[in-house]
Amino acid sequence: MLDISCENRGEVLVAHLSGRIDAAASRAFEEQALAWLEAGTRHLVMDLSSISYISSAGLRVFLLIAKKLKEADGSVKLCALTPPVNDVFEISGFSRLFSIYPSLEHVT
């Protein structure tokens with residue numbers, strides 16, 4: 001199960017994600033992310049400090065978000081990856097595709 005809460009910090013939408021981003025949750029995550037972009041979000045920070053697991057389906061959503069924001073001259077930043085999630089990003093090579101920060105305080 002994936003829970004998402006958001007807060008606006010100026011022009012930046014900060015999304016706090018918690019739970020698991022697995023195949024079952026990735027569809028709802030994608031729909032939510034696309035809704036943010038359709039609503040005009042151009043700068044997104046995702047706090048992953050409470051994510052315990054991410055699957056390849058979840059990685060695909062992050063890639064989709066990054067592509068759409070790049071097309072819109074926006075940005076996506078990730079922060080506070082847990083060790084298991086960081087390992088997946090490292091092994092998959094996604095750590096080279098995203099700006100990743102140790103904590104939310106380092107981003108804002």
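**Terms and their grounds**

Modeller: Of the 108 residues in the chain, 41% are buried, buried being under 20% relative accessible area, exposed over 50% and partly exposed in between (1.4 Å probe, protein chains only). The model is predicted: local features need pLDDT of at least 70, side-chain atom pairs count only at pLDDT 80 or more, and totals for chains, interfaces and linings use all residues. Residues are numbered from 1 along each chain as its sequence is written, and side-chain values use heavy atoms, with hydrogens and water left out.

Biologist: How do you know that the radius of gyration agrees with a compact globule?

Modeller: The radius is taken over C-alpha atoms, and the globule rule is 2.2 Å times the number of residues to the power 0.38. For 108 residues a compact globule would have a value near 13 Å; the chain has 12 Å, and therefore the two agree. The C-alpha trace spans about 30 × 30 × 25 Å along its principal axes.

Biologist: What makes up the secondary structure of the chain?

Modeller: There are four helices and five strands, in the order β-β-α-β-α-β-α-β-α from the N terminus. Both are DSSP runs numbered from the N terminus: helices are H or I with at least four residues, strands E with at least two.

Biologist: Why is Asp47 said to have no salt bridge?

Modeller: A salt bridge needs a side-chain nitrogen of Lys or Arg within 4 Å of a carboxyl oxygen of Asp or Glu. Asp47 is buried, and the nearest side chain of opposite charge, Arg9, is 7.6 Å away, so no salt bridge is assigned. Lys and Arg count as positive, Asp and Glu as negative, while His and the chain ends are not counted.

Biologist: Which side chain is joined to that of Asp47 by a polar contact?

Modeller: The side chain of Ser49, at 2.9 Å. The criterion is a pair of N or O atoms within 3.5 Å; within protein, one must be able to donate a hydrogen and the other to accept it, and residues adjacent in sequence count only if both atoms are side-chain atoms. Asp47 lies in strand S3 (residues 43-54). Beyond its neighbours within four places in sequence, Asp47 is in contact (heavy atoms within 4.5 Å) with residues including His16 and Ala80.

Biologist: What makes Asp73 buried or exposed?

Modeller: With a relative accessible area of 70%, Asp73 is exposed. Asp73 is in the loop between helix H2 (56-71) and strand S4 (75-79).
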